[in-house]
Amino acid sequence: MLERVGAPDVGALFADLPAAMRDPEIHLPPALPEAELIALMEEHAGANAAPARPDFLGAGAYRRSIPSITGYLTWRSEFATSYTAYQPEISQGTLQAAFEYQSVVCELTGMDVSNAGLYDVASATAEACLLAARVTKRRTVALLEPIHPGTAEVVRAYARGTGLEVDTVSSAEAITDEHACLVAQQPDFLGTIVDLEPLADAAHGAGALFVAVADPFALGLLRAPGDAGADIVTGEGRDLAGPPNYGGPSLGLFAARTKYLRQMPGRIVGRTRELANGTGGGEERTGYVLTLQAREQFIRRERATSNVSTAQALIAVAFTITVQALGPSGMRNSAVLCYQRAHDAASRIAALPGYETPERGPWFQEFLVRGPLPAADLAAQLAARGIGPGFDVSSRPEPEARDALLFAVTEATPDTHVDALVGALAEIGRGA
(Lines give C-alpha, C1' and ligand atoms only; values in the text may rest on other atoms or scores of the structure.)
Protein backbone atom coordinates (compact mmCIF):
# COMPACT_ATOMS: atom_id res chain seq x y z
CA MET A 1 0.00 0.00 0.00
CA LEU A 2 2.82 2.42 0.83
CA GLU A 3 4.46 1.74 -2.51
CA ARG A 4 1.19 2.34 -4.37
CA VAL A 5 0.57 5.75 -2.76
CA GLY A 6 4.23 6.77 -2.90
CA ALA A 7 4.86 6.98 0.85
CA PRO A 8 8.24 5.86 2.30
CA ASP A 9 6.76 4.64 5.60
CA VAL A 10 3.61 4.61 7.72
CA GLY A 11 4.64 7.79 9.53
CA ALA A 12 4.58 9.70 6.25
CA LEU A 13 0.87 8.93 5.86
CA PHE A 14 0.14 10.98 8.97
CA ALA A 15 2.72 13.74 8.50
CA ASP A 16 0.01 16.36 7.95
CA LEU A 17 -1.40 15.79 11.46
CA PRO A 18 0.10 17.81 14.33
CA ALA A 19 2.70 15.71 16.12
CA ALA A 20 0.88 16.00 19.44
CA MET A 21 -2.23 14.46 17.90
CA ARG A 22 -0.69 11.49 16.11
CA ASP A 23 -0.40 9.12 19.07
CA PRO A 24 -1.31 11.03 22.23
CA GLU A 25 -0.91 9.39 25.60
CA ILE A 26 -4.32 8.93 27.19
CA HIS A 27 -4.49 9.24 30.96
CA LEU A 28 -7.54 7.31 32.09
CA PRO A 29 -8.64 7.31 35.73
CA PRO A 30 -9.22 4.05 37.58
CA ALA A 31 -12.34 2.17 36.59
CA LEU A 32 -15.54 3.06 38.44
CA PRO A 33 -18.49 0.90 39.47
CA GLU A 34 -21.42 1.27 37.11
CA ALA A 35 -23.55 3.35 39.49
CA GLU A 36 -20.72 5.81 40.16
CA LEU A 37 -19.91 6.05 36.46
CA ILE A 38 -23.54 6.89 35.63
CA ALA A 39 -23.58 9.57 38.33
CA LEU A 40 -20.36 11.07 36.96
CA MET A 41 -21.67 11.18 33.40
CA GLU A 42 -24.92 12.77 34.57
CA GLU A 43 -22.86 15.42 36.35
CA HIS A 44 -20.89 16.14 33.16
CA ALA A 45 -24.08 16.21 31.09
CA GLY A 46 -25.56 18.74 33.47
CA ALA A 47 -22.79 21.16 32.53
CA ASN A 48 -24.16 21.49 28.99
CA ALA A 49 -25.64 24.95 28.49
CA ALA A 50 -28.05 24.10 25.67
CA PRO A 51 -30.94 24.50 25.24
CA ALA A 52 -31.33 26.93 28.17
CA ARG A 53 -28.55 29.17 26.89
CA PRO A 54 -29.60 31.72 24.26
CA ASP A 55 -27.75 30.74 21.10
CA PHE A 56 -27.89 32.37 17.68
CA LEU A 57 -25.32 30.35 15.79
CA GLY A 58 -26.71 28.97 12.54
CA ALA A 59 -24.50 28.78 9.45
CA GLY A 60 -25.92 25.45 8.32
CA ALA A 61 -27.35 23.89 11.50
CA TYR A 62 -30.59 25.18 13.03
CA ARG A 63 -32.78 24.33 15.99
CA ARG A 64 -36.30 23.44 14.84
CA SER A 65 -39.63 22.83 16.54
CA ILE A 66 -39.85 19.07 16.07
CA PRO A 67 -43.24 17.38 16.73
CA SER A 68 -43.05 15.03 19.73
CA ILE A 69 -44.33 12.18 17.58
CA THR A 70 -41.05 12.21 15.64
CA GLY A 71 -38.93 11.02 18.54
CA TYR A 72 -41.58 8.59 19.76
CA LEU A 73 -41.88 6.79 16.43
CA THR A 74 -38.24 7.04 15.38
CA TRP A 75 -36.99 5.30 18.50
CA ARG A 76 -39.31 2.34 18.18
CA SER A 77 -37.10 -0.72 18.00
CA GLU A 78 -38.27 -1.55 14.47
CA PHE A 79 -36.49 1.59 13.24
CA ALA A 80 -33.79 2.22 15.82
CA THR A 81 -32.22 -1.25 15.63
CA SER A 82 -32.55 -1.92 11.90
CA TYR A 83 -29.43 -2.08 9.78
CA THR A 84 -28.55 -1.94 6.10
CA ALA A 85 -30.77 -4.44 4.32
CA TYR A 86 -28.34 -6.82 2.64
CA GLN A 87 -31.29 -9.00 1.66
CA PRO A 88 -33.48 -5.96 1.06
CA GLU A 89 -36.68 -7.49 -0.25
CA ILE A 90 -37.32 -9.25 3.07
CA SER A 91 -37.06 -5.86 4.83
CA GLN A 92 -40.31 -4.45 3.52
CA GLY A 93 -40.77 -2.03 6.44
CA THR A 94 -37.31 -0.50 5.97
CA LEU A 95 -37.83 -0.19 2.23
CA GLN A 96 -41.28 1.35 2.63
CA ALA A 97 -39.87 3.96 5.03
CA ALA A 98 -37.20 4.85 2.46
CA PHE A 99 -39.82 5.05 -0.28
CA GLU A 100 -41.91 7.43 1.83
CA TYR A 101 -38.82 9.55 2.44
CA GLN A 102 -38.12 9.73 -1.29
CA SER A 103 -41.70 10.80 -1.94
CA VAL A 104 -41.47 13.59 0.65
CA VAL A 105 -38.21 14.88 -0.83
CA CYS A 106 -39.71 14.97 -4.31
CA GLU A 107 -42.72 16.92 -3.01
CA LEU A 108 -40.52 19.48 -1.26
CA THR A 109 -38.02 19.99 -4.07
CA GLY A 110 -40.35 19.74 -7.06
CA MET A 111 -38.16 17.04 -8.59
CA ASP A 112 -39.02 13.71 -10.21
CA VAL A 113 -36.86 11.19 -8.34
CA SER A 114 -34.95 11.02 -5.07
CA ASN A 115 -32.52 8.55 -3.61
CA ALA A 116 -32.78 7.13 -0.08
CA GLY A 117 -30.43 9.76 1.32
CA LEU A 118 -26.70 10.48 1.43
CA TYR A 119 -24.29 11.35 4.24
CA ASP A 120 -24.85 15.12 4.39
CA VAL A 121 -25.52 18.14 2.21
CA ALA A 122 -21.83 18.59 1.37
CA SER A 123 -21.27 15.05 0.07
CA ALA A 124 -24.63 15.17 -1.74
CA THR A 125 -23.59 18.38 -3.51
CA ALA A 126 -20.23 16.90 -4.44
CA GLU A 127 -22.01 13.85 -5.89
CA ALA A 128 -24.25 16.23 -7.87
CA CYS A 129 -21.15 17.81 -9.40
CA LEU A 130 -19.79 14.38 -10.34
CA LEU A 131 -23.13 13.49 -11.94
CA ALA A 132 -23.08 16.70 -13.96
CA ALA A 133 -19.55 15.96 -15.15
CA ARG A 134 -20.57 12.46 -16.27
CA VAL A 135 -23.61 13.73 -18.13
CA THR A 136 -22.03 16.75 -19.84
CA LYS A 137 -18.56 15.24 -20.36
CA ARG A 138 -17.08 18.47 -18.99
CA ARG A 139 -14.36 18.72 -16.36
CA THR A 140 -15.09 21.99 -14.55
CA VAL A 141 -17.83 22.90 -12.06
CA ALA A 142 -18.83 26.35 -10.81
CA LEU A 143 -19.86 27.29 -7.27
CA LEU A 144 -21.82 30.52 -6.93
CA GLU A 145 -20.82 32.58 -3.91
CA PRO A 146 -21.83 32.95 -1.18
CA ILE A 147 -22.02 29.20 -0.59
CA HIS A 148 -21.35 27.35 2.66
CA PRO A 149 -17.54 27.04 2.94
CA GLY A 150 -17.84 23.48 4.26
CA THR A 151 -19.82 22.43 1.20
CA ALA A 152 -17.30 24.11 -1.07
CA GLU A 153 -14.38 22.33 0.61
CA VAL A 154 -16.00 18.91 0.27
CA VAL A 155 -16.73 19.58 -3.41
CA ARG A 156 -13.06 20.47 -3.91
CA ALA A 157 -11.97 17.31 -2.09
CA TYR A 158 -14.15 15.13 -4.34
CA ALA A 159 -12.93 17.05 -7.38
CA ARG A 160 -9.27 16.45 -6.57
CA GLY A 161 -9.86 12.72 -6.55
CA THR A 162 -11.62 12.71 -9.91
CA GLY A 163 -9.62 15.29 -11.83
CA LEU A 164 -12.29 18.00 -11.87
CA GLU A 165 -11.61 21.71 -11.68
CA VAL A 166 -13.68 23.91 -9.35
CA ASP A 167 -14.36 27.56 -10.14
CA THR A 168 -15.81 29.99 -7.60
CA VAL A 169 -17.95 32.61 -9.35
CA SER A 170 -19.80 35.68 -8.13
CA SER A 171 -22.28 35.79 -11.00
CA ALA A 172 -24.03 33.35 -13.32
CA GLU A 173 -22.62 35.39 -16.20
CA ALA A 174 -19.29 33.68 -15.55
CA ILE A 175 -20.65 30.30 -16.71
CA THR A 176 -19.12 29.10 -19.97
CA ASP A 177 -19.40 26.07 -22.23
CA GLU A 178 -16.57 24.46 -20.21
CA HIS A 179 -18.65 24.17 -17.03
CA ALA A 180 -20.54 20.98 -16.22
CA CYS A 181 -22.82 22.69 -13.72
CA LEU A 182 -23.59 25.80 -11.73
CA VAL A 183 -24.17 25.23 -7.99
CA ALA A 184 -26.17 27.80 -6.00
CA GLN A 185 -27.39 27.73 -2.39
CA GLN A 186 -30.96 28.63 -1.40
CA PRO A 187 -31.00 30.65 0.86
CA ASP A 188 -27.34 31.47 0.34
CA PHE A 189 -24.69 31.28 3.05
CA LEU A 190 -25.36 34.84 4.22
CA GLY A 191 -29.09 34.17 4.48
CA THR A 192 -30.35 35.88 1.32
CA ILE A 193 -33.20 34.33 -0.67
CA VAL A 194 -32.00 33.64 -4.21
CA ASP A 195 -34.01 33.94 -7.43
CA LEU A 196 -33.12 30.56 -8.90
CA GLU A 197 -34.80 30.82 -12.30
CA PRO A 198 -32.31 33.27 -13.92
CA LEU A 199 -29.47 31.11 -12.61
CA ALA A 200 -31.02 28.00 -14.15
CA ASP A 201 -31.50 29.83 -17.45
CA ALA A 202 -27.87 30.97 -17.47
CA ALA A 203 -26.59 27.46 -16.75
CA HIS A 204 -28.80 25.87 -19.39
CA GLY A 205 -27.81 28.55 -21.90
CA ALA A 206 -24.21 27.39 -21.52
CA GLY A 207 -25.19 23.72 -21.80
CA ALA A 208 -24.55 23.11 -18.09
CA LEU A 209 -26.76 21.62 -15.39
CA PHE A 210 -28.13 23.70 -12.54
CA VAL A 211 -27.72 22.35 -8.99
CA ALA A 212 -29.70 23.99 -6.17
CA VAL A 213 -28.53 23.42 -2.59
CA ALA A 214 -31.80 24.11 -0.79
CA ASP A 215 -32.87 24.21 2.86
CA PRO A 216 -35.86 21.82 2.94
CA PHE A 217 -37.46 23.74 5.82
CA ALA A 218 -37.32 27.00 3.87
CA LEU A 219 -39.01 25.21 0.96
CA GLY A 220 -42.15 25.20 3.07
CA LEU A 221 -42.36 28.87 2.12
CA LEU A 222 -40.13 29.35 -0.91
CA ARG A 223 -40.63 28.21 -4.49
CA ALA A 224 -39.57 24.63 -5.17
CA PRO A 225 -36.21 24.56 -7.02
CA GLY A 226 -37.62 22.09 -9.53
CA ASP A 227 -40.26 24.65 -10.53
CA ALA A 228 -37.47 27.20 -11.05
CA GLY A 229 -35.56 24.98 -13.48
CA ALA A 230 -33.13 23.06 -11.26
CA ASP A 231 -31.80 19.79 -12.66
CA ILE A 232 -30.56 18.47 -9.30
CA VAL A 233 -31.50 19.52 -5.77
CA THR A 234 -29.47 18.72 -2.68
CA GLY A 235 -30.03 19.75 0.93
CA GLU A 236 -29.50 19.01 4.60
CA GLY A 237 -32.33 17.17 6.35
CA ARG A 238 -30.76 16.77 9.79
CA ASP A 239 -32.49 19.81 11.32
CA LEU A 240 -35.95 18.31 10.72
CA ALA A 241 -34.97 15.04 12.39
CA GLY A 242 -34.13 16.37 15.86
CA PRO A 243 -32.06 18.89 17.81
CA PRO A 244 -28.39 19.56 17.06
CA ASN A 245 -26.11 17.09 18.85
CA TYR A 246 -22.54 18.35 18.51
CA GLY A 247 -22.45 17.14 14.93
CA GLY A 248 -23.34 13.48 14.61
CA PRO A 249 -25.12 11.84 11.68
CA SER A 250 -26.55 14.12 9.03
CA LEU A 251 -28.86 13.51 6.08
CA GLY A 252 -27.99 14.58 2.56
CA LEU A 253 -31.00 15.10 0.31
CA PHE A 254 -30.49 14.29 -3.38
CA ALA A 255 -33.23 14.63 -6.00
CA ALA A 256 -33.05 14.98 -9.76
CA ARG A 257 -34.91 14.85 -13.04
CA THR A 258 -36.00 11.44 -14.30
CA LYS A 259 -33.52 11.50 -17.18
CA TYR A 260 -30.65 11.43 -14.65
CA LEU A 261 -32.05 8.49 -12.69
CA ARG A 262 -29.44 5.98 -13.84
CA GLN A 263 -26.63 8.40 -13.00
CA MET A 264 -27.80 9.11 -9.43
CA PRO A 265 -25.64 7.97 -6.49
CA GLY A 266 -26.84 5.98 -3.51
CA ARG A 267 -29.79 3.67 -3.07
CA ILE A 268 -33.17 4.11 -4.74
CA VAL A 269 -36.26 2.26 -3.54
CA GLY A 270 -39.06 1.44 -5.96
CA ARG A 271 -42.63 0.22 -5.42
CA THR A 272 -44.09 -2.60 -7.45
CA ARG A 273 -47.03 -5.03 -7.50
CA GLU A 274 -46.67 -8.75 -7.13
CA LEU A 275 -49.01 -11.73 -7.30
CA ALA A 276 -49.42 -13.59 -4.02
CA ASN A 277 -48.94 -17.05 -5.52
CA GLY A 278 -46.55 -16.01 -8.25
CA THR A 279 -48.48 -17.85 -10.96
CA GLY A 280 -50.49 -15.05 -12.47
CA GLY A 281 -53.52 -15.42 -10.23
CA GLY A 282 -54.54 -14.57 -6.70
CA GLU A 283 -54.48 -11.36 -4.72
CA GLU A 284 -52.07 -8.60 -5.77
CA ARG A 285 -49.75 -7.19 -3.12
CA THR A 286 -47.60 -4.07 -2.97
CA GLY A 287 -43.88 -4.75 -2.74
CA TYR A 288 -40.83 -2.51 -2.24
CA VAL A 289 -37.48 -3.24 -3.87
CA LEU A 290 -34.06 -1.71 -4.32
CA THR A 291 -33.72 -0.63 -7.93
CA LEU A 292 -30.77 0.02 -10.25
CA GLN A 293 -28.30 -1.76 -7.99
CA ALA A 294 -25.97 -2.35 -10.94
CA ARG A 295 -24.83 1.27 -10.49
CA GLU A 296 -23.33 0.50 -7.09
CA GLN A 297 -19.72 -0.27 -6.21
CA PHE A 298 -20.38 -3.65 -4.56
CA ILE A 299 -21.54 -4.89 -7.98
CA ARG A 300 -19.65 -2.85 -10.56
CA ARG A 301 -16.56 -2.01 -8.50
CA GLU A 302 -14.50 0.77 -10.10
CA ARG A 303 -17.08 1.27 -12.89
CA ALA A 304 -19.81 2.18 -10.41
CA THR A 305 -21.71 5.46 -10.57
CA SER A 306 -20.64 6.21 -6.99
CA ASN A 307 -19.01 4.45 -4.05
CA VAL A 308 -22.03 5.29 -1.87
CA SER A 309 -24.01 2.15 -1.12
CA THR A 310 -25.71 3.03 2.15
CA ALA A 311 -28.07 5.66 3.53
CA GLN A 312 -28.70 7.59 6.75
CA ALA A 313 -31.84 5.54 7.24
CA LEU A 314 -32.75 6.45 10.82
CA ILE A 315 -32.28 10.19 10.26
CA ALA A 316 -34.30 9.88 7.05
CA VAL A 317 -37.13 8.20 8.97
CA ALA A 318 -37.19 11.03 11.51
CA PHE A 319 -37.10 13.63 8.73
CA THR A 320 -40.02 11.93 6.99
CA ILE A 321 -42.11 11.71 10.16
CA THR A 322 -41.58 15.41 10.90
CA VAL A 323 -42.54 16.55 7.42
CA GLN A 324 -45.57 14.28 7.22
CA ALA A 325 -46.70 15.20 10.74
CA LEU A 326 -46.57 18.90 9.86
CA GLY A 327 -48.08 18.45 6.41
CA PRO A 328 -48.00 21.13 3.68
CA SER A 329 -49.85 23.74 5.76
CA GLY A 330 -47.80 23.00 8.87
CA MET A 331 -44.54 23.31 6.96
CA ARG A 332 -45.64 26.64 5.53
CA ASN A 333 -46.92 27.95 8.87
CA SER A 334 -43.67 26.96 10.60
CA ALA A 335 -41.60 28.62 7.88
CA VAL A 336 -43.71 31.79 8.07
CA LEU A 337 -43.28 31.87 11.86
CA CYS A 338 -39.53 31.44 11.43
CA TYR A 339 -39.44 34.31 8.92
CA GLN A 340 -41.46 36.60 11.17
CA ARG A 341 -39.45 35.93 14.32
CA ALA A 342 -36.15 36.46 12.54
CA HIS A 343 -37.28 39.74 10.98
CA ASP A 344 -38.69 40.97 14.29
CA ALA A 345 -35.36 40.26 15.99
CA ALA A 346 -33.42 42.00 13.23
CA SER A 347 -35.66 45.08 13.46
CA ARG A 348 -35.11 45.34 17.21
CA ILE A 349 -31.34 45.08 16.80
CA ALA A 350 -31.24 47.61 13.96
CA ALA A 351 -33.08 50.09 16.22
CA LEU A 352 -30.26 49.99 18.79
CA PRO A 353 -27.76 52.88 18.68
CA GLY A 354 -24.56 51.84 16.96
CA TYR A 355 -25.98 48.76 15.26
CA GLU A 356 -27.09 47.95 11.72
CA THR A 357 -28.33 44.88 9.90
CA PRO A 358 -27.00 45.21 6.35
CA GLU A 359 -29.11 43.38 3.78
CA ARG A 360 -28.22 41.96 0.38
CA GLY A 361 -31.84 41.38 -0.57
CA PRO A 362 -34.82 39.44 0.83
CA TRP A 363 -33.78 36.97 3.50
CA PHE A 364 -35.31 34.10 5.46
CA GLN A 365 -33.87 33.27 8.92
CA GLU A 366 -30.29 34.56 9.02
CA PHE A 367 -29.18 38.17 9.04
CA LEU A 368 -25.98 40.17 9.35
CA VAL A 369 -25.31 42.36 12.37
CA ARG A 370 -22.64 45.05 12.48
CA GLY A 371 -22.05 46.80 15.81
CA PRO A 372 -19.83 49.32 17.54
CA LEU A 373 -17.08 46.71 18.03
CA PRO A 374 -15.22 44.48 15.55
CA ALA A 375 -17.03 41.22 14.94
CA ALA A 376 -14.67 39.07 17.02
CA ASP A 377 -14.85 41.47 19.99
CA LEU A 378 -18.64 41.66 19.78
CA ALA A 379 -18.85 37.87 19.75
CA ALA A 380 -16.55 37.64 22.77
CA GLN A 381 -18.63 40.17 24.69
CA LEU A 382 -21.82 38.21 24.00
CA ALA A 383 -20.20 34.93 25.00
CA ALA A 384 -19.02 36.49 28.26
CA ARG A 385 -22.68 37.31 28.98
CA GLY A 386 -23.77 33.71 28.41
CA ILE A 387 -25.15 34.24 24.91
CA GLY A 388 -24.04 32.20 21.92
CA PRO A 389 -23.16 34.79 19.25
CA GLY A 390 -23.68 34.60 15.54
CA PHE A 391 -21.10 33.24 13.11
CA ASP A 392 -18.17 35.56 12.36
CA VAL A 393 -18.22 36.29 8.61
CA SER A 394 -16.05 39.39 8.76
CA SER A 395 -13.33 37.79 6.62
CA ARG A 396 -15.65 37.20 3.68
CA PRO A 397 -15.31 39.32 0.52
CA GLU A 398 -18.91 40.56 0.40
CA PRO A 399 -19.06 44.25 1.45
CA GLU A 400 -22.08 43.64 3.66
CA ALA A 401 -20.11 41.06 5.67
CA ARG A 402 -17.40 43.51 6.75
CA ASP A 403 -17.07 43.42 10.57
CA ALA A 404 -20.35 41.47 10.72
CA LEU A 405 -21.73 38.47 12.57
CA LEU A 406 -24.32 36.17 10.99
CA PHE A 407 -27.20 35.56 13.41
CA ALA A 408 -29.88 32.86 13.08
CA VAL A 409 -33.35 33.14 14.60
CA THR A 410 -35.83 30.33 13.93
CA GLU A 411 -39.37 29.38 14.87
CA ALA A 412 -37.85 27.50 17.84
CA THR A 413 -36.06 30.57 19.26
CA PRO A 414 -37.90 31.67 22.43
CA ASP A 415 -38.84 35.33 22.76
CA THR A 416 -36.93 35.45 26.05
CA HIS A 417 -33.74 34.53 24.19
CA VAL A 418 -34.24 37.38 21.72
CA ASP A 419 -34.92 39.72 24.66
CA ALA A 420 -31.65 38.62 26.26
CA LEU A 421 -29.74 39.19 23.02
CA VAL A 422 -31.18 42.66 22.44
CA GLY A 423 -30.50 43.62 26.05
CA ALA A 424 -26.90 42.39 25.88
CA LEU A 425 -26.24 44.22 22.60
CA ALA A 426 -27.66 47.43 24.07
CA GLU A 427 -25.40 47.08 27.11
CA ILE A 428 -22.37 46.44 24.91
CA GLY A 429 -23.25 49.46 22.79
CA ARG A 430 -23.45 51.75 25.81
CA GLY A 431 -20.03 50.64 26.98
CA ALA A 432 -18.33 50.88 23.58
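Two strands are said to pair if DSSP finds at least two bridges between them. Helices (H or I, at least four residues) and strands (E, at least two) are DSSP runs, numbered from the N terminus. The model is predicted: local features need pLDDT of at least 70, side-chain atom pairs count only at pLDDT 80 or more, and totals for chains, interfaces and linings use all residues. Residues are numbered from 1 along each chain as its sequence is written, and side-chain values use heavy atoms, with hydrogens and water left out.

**Stop 1**

Select strand 1 together with strand 7 (residues 252-256): the two pair in the antiparallel sense over 2 bridges. Val-113 has Ala-256 of strand 7 as its bridge partner.

**Stop 2**

Next select residues 140-144, which form strand 2.

Strand 2, helix 9 and strand 3 make a right-handed β-α-β unit; a crossover is right-handed if, with the strands pointing away from the viewer, the path from the first strand over the helix to the second runs clockwise.

Are the residues of strand 2 buried or exposed? Of its 5 residues, 5 are buried, where buried means under 20% relative accessible area, exposed over 50%, and partly exposed in between (1.4 Å probe, protein chains only). Both faces are covered, with Thr-140, Ala-142 and Leu-144 buried on one side and Val-141 and Leu-143 buried on the other.

**Stop 3: backbone details**

Move to the loop between strand 2 and helix 9, where Pro-146 is placed. The peptide bond from Glu-145 to Pro-146 is cis, with omega near -5 degrees. A further cis bond runs from Gln-186 to Pro-187, with omega near -15 degrees; Pro-187 lies in the loop between strand 4 and helix 10 (196-205).

Then select Lys-137, in the loop between helix 8 (121-136) and strand 2. Lys-137 has a positive phi of about 65 degrees although it is not a glycine, and at 69% relative accessibility it counts as exposed. Ala-59, in the loop between helix 4 (34-45) and helix 5 (68-74), has a positive phi of about 55 degrees and is likewise not a glycine. Ala-59 is buried, with a relative accessible area of 14%. For context, most residues other than glycine have a negative phi, and most peptide bonds are trans.

**Stop 4: aromatic pairs**

Show the aromatic side chains. A search of the whole structure finds 7 aromatic pairs; rings of Phe, Tyr and Trp (its six-membered ring) pair if their centres lie within 6.5 Å, and planes under 30 degrees apart count as stacked, over 60 as edge-to-face and the rest as tilted. The rings of Phe-217 and Phe-364 have centres 6.2 Å apart and planes at 50 degrees, so this pair is tilted. Phe-217 lies in the loop between strand 5 (209-214) and strand 6 (232-236), and Phe-364 in the loop between helix 12 (313-350) and strand 10 (366-370), so the pair ties together parts 147 residues apart in sequence. Both Phe-217 and Phe-364 are buried.

Trp-363 and Phe-367 form a tilted pair, at 5.3 Å centre to centre and 45 degrees between the planes. Trp-363 is buried at 6% relative accessible area, and Phe-367 is buried at 3%. Ring pairs link Phe-56, Trp-363, Phe-367 and Phe-407 into a cluster.

**Stop 5: the largest pocket**

Finally, select Leu-57, Ala-61, Arg-63, Pro-244 and Asn-245, which lie nearest the centre of the largest pocket among its 32 lining residues. A pocket, on a 1 Å grid over the protein atoms alone, is an open set of points where a 1.4 Å probe fits, with protein on both sides within 12 Å along at least five of seven lines; lining residues have an atom within 4 Å of a point. The volume of the largest pocket is about 910 Å³, a volume being the space filled by probe spheres set on the points.
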